[in-house]
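The following note is intended for a colleague who is reading this structure for the first time. Please keep the sequence and the model at hand while going through the points.

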Amino acid sequence: MITIDIKKLIAACSVCCCISAATTSCSDMLEQDSDLVRFADKEMLTNATDTIYSVVGIMKKMQALADRTVVLGEVRGDLVDVTTYASADLRAIASFSHTAAATAAVPAVSPAGSSSSPAGPNKYNAPRDYYAVINNCNYFLAHADTTLRNNQNQRIFQKEYAAVKAYRAWTYLQLALIYGRVPFVTEPIVEMSVDETQYPLYDLQQVCQYFIADLAPYATTELPGYGTIGPVDSRLTYFPIHVLLGELNLWAGNYREAALCYYRYISTRNGANTAWPTGSLRLEWTRDDGKYQRYSDSWSMPAFGLTSERYATDGELVTMTPGDSIPTSPNYSSLPSLFCTSTQNDGYYSLVPSQALLSLSASQVYCNLTTTGEVGYAPTNLTDNRNGDLRLATAYRTFNYNIGGLATTTGRPTQQLAEKYAYTTNVHLWRRSMVYLHMAEALNRSGLPELAFRILSTGVNNRVIAEMQHTYAADSVWLAQFDFPNTLYVLRTDDPTAFNTLGIHSRGCGFTENNEFYQMPTGTLQQQIEAVEDLIADEEALELAFEGQRFYDLMRVALRRGDPTYLATRILARRGSGNASGITANLADPQNWYLPFLTE
């Protein structure tokens with residue numbers, strides 16, 4: 001029997017509530033004092049002040065999870081490597097040294113099923129921070145008076161109730177992905193006189209099934225709108241339930257339902273009869289230059305591209321966790337100093353692109369189409385990561401000149417800038433490309449690989465859907481549920497001058513629709529599914545690198561194929577096929593994918 005000390009786990013997870021003034025006057029959305037223990041003597045939350053500040057208090061607890069969401073999802077993958085300046089904690093995570101990642105008190109057997117031995121603490125392995133969020137969510141859900149109605153007979157707290165259910169579901173999903181099996185607690189714990197043996201251990205599938213059912217009644221519930229608090233639009237701080245249901249169903253293997261969940265978000269995000277296309281953001285060589293010396297970049301533009309934090313009908317960002325702007329705050333994000341040269345790290349950054357990512361990016365074939373219609377391909381002898389896909393050349397850059405007062409000197413590494421973390425202390429968790437790529441995953445595993453491929457190559461609208469209804473005649477009724485009006489989703493192949501929908505591969509590889517080296521795989525249906533799945537996994541690497549998705553993208557494919565070596569082979573090759581990975585754990589054994597669950 002697995003021993004989990006719930007009392008120790010919850011001891012530092014006291015229920016909190018924001019009780020400060022209703023407005024903020026500085027740049028941190030969650031600056032309010034929300035760590036005071038409250039509610040123990042209060043039966044119900046019955047007014048807007050209680051409810052709003054309870055939700056914001058949960059948001060503040062979420063800050064503690066933001067950095068490790070990226071670190072645990074990226075540093076354990078194949079796209080990032082650690083430098084010699086990385087902390088022991090980071091190196092332990094990267095090398096899957098689970099004993100080094102453990103904290104002082106170790107249960108007899110970890111929830112993942114592997115035995116552990118005592119070692120020093122690792123700051124990225126702290127389950128209690130997740131349970132701090134969960135316990136606050138449980139308290140809110142138990143005490144919010146959802147029976148209250150306004151004079152229009154609308155439930156007053158329904159939006160907040162749905163938002164908190166989504167916070168709890170996302171947090172439990174993270175726990176299951178990190179630890180394998182976790183104590184499952186759905187009522188608030190405000191006293192330590194609990195019997196920890198009453199709580200079951202849930203694995204990933206059980207977590208997914210529970211929250212699919214738990215969230216389904218709230219799928220169409222509008223989430224709260226608190227306006228702009230500080231510089232942050234509050235709509236970007238929630239987990240949209242359609243997307244969350246898509247994620248849960250994707251992990252659960254309910255592929256058709258997952259695809260529909262992502263589609264429902266895409267088709268309703270901006271209201272009825274509107275669109276949220278993939279957009280036209282891209283990196284593109286000057287089309288008629290021929291020398292491949294200059295390219296344009298709308299993909300990373302801070303006003304509306306990769307790094308934008310605005311909420312708009314064409315917005316890229318879906319969900320983020322606001323960070324603190326004060327470096328001494330415990331919730332100040334360390335990600336900029338892990339990925340970039342900064343005054344905080346004195347120039348000694350910890351994380352760099354892996355050789356596997358550099359090789360994958362360089363191996364892509366960039367297709368050019370001149371304004372006179374001539375197809376050509378970029379040369380393969382360019383510098384500064386400009387071979388193949390152009391996204392890496394923008395996402396990661398090195399410099400030999402002064403940045404922030406730190407001149408490159410002997411003994412200090414070349415200065416580095418990772419675009420995704422260079423200009424913000426907020427942590428971006430979900431964005432548009434992820435939604436589309438995960439929908440492609442679900443469609444592919446639903447037996448529709450050509451439709452999934454079109455998300456990568458050309459984009460999708462109703463003209464494409466009609467083609468797919470002929471290709472997959474047996475699925476035509478199911479496909480009819482997807483509606484991407486041609487007037488709202490305009491493909492570049494339909495209108496080269498006024499398009500708003502691109503295949504995602506074209507974001508960094510030019511005119512994919514004309515690329516003879518990027519074609520729909522052939523073979524049996526199963527062979528096509530696995531080949532398209534490999535292309536999607538590569539595209540997730542090219543588009544979402546450094547964002548905390550990679551380890552889980554590989555895990556998802558390995559689990560659905562029943563092939564742990566799919567994950568192991570890629571991670572062990574992060575430094576190239578001829579270099580030692582620095583990993584001694586047997587990653588062909590899924591038990592070694594998880595951190596030990598510890599309560600101290």
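1. Over the ring of which residue does the charged end of Arg492 sit? The charged end of Arg492 sits over the ring of Phe499, 5.6 Å from the ring centre. A charge is taken to sit over a ring if NZ of Lys or CZ of Arg is within 6 Å of the ring centre and within 35 degrees of the ring normal.

2. Basis of the values. This is a predicted model, in which local features need pLDDT of at least 70 and side-chain atom pairs count only at pLDDT 80 or more, while totals for chains, interfaces and linings use all residues. Residues are numbered from 1 along each chain as its sequence is written, and side-chain values use heavy atoms, with hydrogens and water left out.

3. Confidence. The pLDDT, which is the predictor's confidence in each residue on a scale from 0 to 100, averages 85 over the chain, and 83% of the residues score at least 70. Residues 17-41 have a pLDDT below 50, and this stretch has 66 contacts in the model beyond near neighbours in sequence; a contact means heavy atoms within 4.5 Å. Residues 99-119 also have a pLDDT below 50, with 58 contacts beyond near neighbours in sequence. Where pLDDT is low, the predicted coordinates should not be read in detail.

4. Aromatic pairs. The whole structure holds 29 aromatic pairs. Rings of Phe, Tyr and Trp (its six-membered ring) pair if their centres lie within 6.5 Å; planes under 30 degrees apart count as stacked, over 60 as edge-to-face and the rest as tilted. Phe184 and Tyr202 form a stacked pair, because their ring centres are 4.0 Å apart and their planes meet at 5°. Phe184 is in the loop between strand 2 (181-183) and strand 3 (201-203), and Tyr202 is in strand 3, 18 residues apart. Helices (H or I, at least four residues) and strands (E, at least two) are DSSP runs, numbered from the N terminus.

5. Tyr210 belongs to helix 6 (residues 204-215), 26 residues from Phe184. Phe184 counts as buried at 6% relative accessibility, whereas Tyr210 is partly exposed at 29%. Buried means under 20% relative accessible area, exposed over 50%, and partly exposed in between (1.4 Å probe, protein chains only). Ring pairs join Phe184, Tyr202 and Tyr210 into a cluster that also includes Tyr131, Tyr172, Tyr179, Phe211 and Phe597.

6. Helix 8. This helix (residues 255-268) has 14 residues and reaches 20 Å from its first C-alpha to its last, close to the 20 Å expected at 1.5 Å a residue; the expected span is 1.5 Å times one less than the number of residues. Helix 8 is mostly covered, with ten of its 14 residues buried, among them Tyr255, Leu260, Cys261 and Ile266. The cover over its buried residues includes helix 7 (241-252), strand 8, helix 12 (432-445), helix 15 (476-479) and helix 18.

7. Helix 19. In helix 19 (residues 564-572), the buried residues are Tyr566, Leu567, Ala568 and Ile571. Their cover includes helix 17 (525-544) and helix 18 (550-561).

8. Thr307. This residue is found in the loop between strand 7 (295-297) and strand 8 (317-321). Is Thr307 buried or exposed? Thr307 counts as buried, because its relative accessibility is 15%. A polar atom of its side chain lies 3.3 Å from the backbone oxygen of Ser300. Thr307 and Glu419 are 112 residues apart in sequence, yet 7.6 Å apart in space, C-alpha to C-alpha.

9. Two further loop residues. Ser329, in the loop between strand 8 and helix 9 (335-339), makes a side-chain polar contact with the side chain of Asp324 at 2.9 Å. A polar contact is a pair of N or O atoms within 3.5 Å; within protein, one must be able to donate a hydrogen and the other to accept it, and residues adjacent in sequence count only if both atoms are side-chain atoms. Asn461 lies in the loop between helix 13 (449-457) and helix 14 (462-471) and is buried, with a relative accessible area of 0%. Its side chain reaches the backbone nitrogen of Arg463 at 3.1 Å.
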